[in-house]
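Thanks for coming, everyone. Please take a moment with the model on the screen, and then I will walk through a few of its contacts.

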Amino acid sequence: MSELFVKVEVRGRVGLLTLNRPEVLNALSNEVIDELAAAVRAFEADDGIGAMVLTGSQKAFAAGADIGAMSDWTY
């Protein structure tokens, strides 16, 4: 599993997911959502994980949607 935008750690029985896009205050892009979903699926499949925690940085949890990434979208 790639860990470019979501840092994945295991602390005991807790899966810790940390958003990691500080340059854009952890704005959510398709790539972030895909990576986050893959990490959650991996933790769900692991019987050793009893809980998951999703966190951001000290400055921002998540700024919301990455509007810059949406600029080329069409209806």
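Let me begin with Glu9, which is partly exposed at 32% relative accessibility, where buried means under 20% relative accessible area, exposed over 50%, and partly exposed in between (1.4 Å probe, protein chains only). This is a predicted model, in which local features need pLDDT of at least 70 and side-chain atom pairs count only at pLDDT 80 or more, while totals for chains, interfaces and linings use all residues. Residues are numbered from 1 along each chain as its sequence is written, and side-chain values use heavy atoms, with hydrogens and water left out.

Glu9 pairs with Arg11 in a salt bridge, at 3.2 Å from N to O, the term meaning a side-chain nitrogen of Lys or Arg within 4 Å of a carboxyl oxygen of Asp or Glu. Arg11 itself is exposed, at 54%.

How many salt bridges does the whole structure hold? The search finds 2, and Arg21 with Asp66 form one of them, their closest N and O atoms being 3.1 Å apart. Because Arg21 and Asp66 sit in two separate loops, this pair ties together parts that are 45 residues apart in sequence. Arg21 is buried at 10%, and Asp66 is buried at 14%.

Now consider Asn26, which is buried too, with a relative accessible area of 2%. Its side chain reaches the backbone oxygen of Ala60 at 3.1 Å, and the side chain of Asn26 also reaches the backbone oxygen of Phe61 at 3.3 Å.

Terms used: A polar contact is a pair of N or O atoms within 3.5 Å; within protein, one must be able to donate a hydrogen and the other to accept it, and residues adjacent in sequence count only if both atoms are side-chain atoms. Helices (H or I, at least four residues) and strands (E, at least two) are DSSP runs, numbered from the N terminus.
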